[in-house]
Amino acid sequence: VGPAGGGGEGGGGGEGESEGGDNGGEPGCGGAAVLGVIDFGDLVHTWRVNELAIATAYALIALHYDSAARASTHASASLSQPSLSQPSLGDASSSGEGEGRGHGGGGPGAVAEEEAACALVSGFAEEAERQGQPLTDPEWTALPTLIACRIAVSLCVGAYSSSKDPSNEYLQLTLLPGFKALKRWRDKPAAELEQLLRRAAA
């Protein structure tokens, strides 16, 4: 165990790592092999299901990094003045519908969001069951909405921060991928997504 660095969210209740996103980790620790990361700066006592929702939200966002890179030229002007209702971001989101990412396209890998969410959630649920602390009915019910909420929080904070510092590319990393992920995740009602996740973990 060695110190790395610090980054701030995280379920029944317990200590959670609240910045489980893809950009929240450290690459290494003095050249030693990294088996895991504990960021004590983000340690909070909260609902366990939040941790699962945050990890799943960033997994869904990560599905769209490639298409966001292809659309970056088209969206660059909009990203300098981000808004949740930017027409160009909506255009960029719809332009990738047939690219095989997300369940809206119908091509190869057309249910990528659902597959990724089911894989992550089922693994978490299996381990929770093994430890004698299975996910509760209220946690299952809240999970799809919490996933969407975490994507929305990332978008809002990123858009606001980017508007204050447009030259900071780090602040724009999840904007376009986040819009695409949120749009596709919310294509289905929360109750339907809940049943999908429950079946995957059964």
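Let's start with contact, which here means heavy atoms within 4.5 Å. By that rule, and not counting residues up to four places away in sequence, Ile-147 touches Ala-53, Thr-56, Ala-57, Leu-60 and Trp-185. A word on what you're looking at: this is a predicted model, where local features need pLDDT of at least 70 and side-chain atom pairs count only at pLDDT 80 or more, while totals for chains, interfaces and linings use all residues. Residues are numbered from 1 along each chain as its sequence is written, and side-chain values use heavy atoms, with hydrogens and water left out.

Back to Ile-147, which belongs to the largest nonpolar core, a set of 29 residues. Such a core is made of buried Ala, Val, Leu, Ile, Met, Phe, Trp, Tyr and Cys residues joined through side-chain atoms within 4.5 Å. Buried means under 20% relative accessible area, exposed is over 50%, and partly exposed sits in between (1.4 Å probe, protein chains only). Along with Ile-147, the members that touch the most others are Leu-60, Trp-140, Leu-143, Ile-151, Trp-185 and Leu-197. Two or more residues each come from helix 1 (49-62), helix 4 (112-130), helix 5 (137-164), helix 6 and helix 7 (190-201). Helix 1 gives the largest share, eight residues. These elements are DSSP runs numbered from the N terminus: helices are H or I with at least four residues, strands are E with at least two.

Among the buried ones are Phe-179, Lys-180, Arg-184 and Trp-185.

Now for the charges. Side chains of opposite charge can pair when their charged atoms come close. The cut-off for a salt bridge is a side-chain nitrogen of Lys or Arg within 4 Å of a carboxyl oxygen of Asp or Glu, and a search of the whole structure finds six. One of them pairs Lys-188 with Glu-114 at 2.9 Å, N to O. This one ties together distant parts of the chain, 74 residues apart: Lys-188 is in the loop between helix 6 and helix 7, and Glu-114 is in helix 4. Glu-114 is buried at 10% relative accessibility, whereas Lys-188 is partly exposed at 26%.

Other bridges stay within a helix. In helix 4, Arg-130 and Glu-127 lie three residues apart, about one turn, and their side chains meet at 2.5 Å, N to O. Arg-130 is exposed at 61%, while Glu-127 is partly exposed at 32%. Helix 7 holds Arg-198 and Glu-194, four residues apart and again about one turn, with their closest N and O atoms 2.9 Å apart. Here Glu-194 is buried at 10% and Arg-198 is partly exposed at 25%. Elsewhere, salt bridges that share partners join Glu-114, Lys-188 and Glu-192 into one network.

Finally, the strands. Thr-46 is found in strand 2 and is buried, with a relative accessible area of 16%. Its side chain meets that of Asn-50 in a polar contact of 3.3 Å; such a contact is a pair of N or O atoms within 3.5 Å, and within protein one must be able to donate a hydrogen and the other to accept it, with residues adjacent in sequence counting only if both atoms are side-chain atoms. Phe-40 sits in the loop between strand 1 (13-17) and strand 2 (43-47), and is exposed at 61% relative accessible area.
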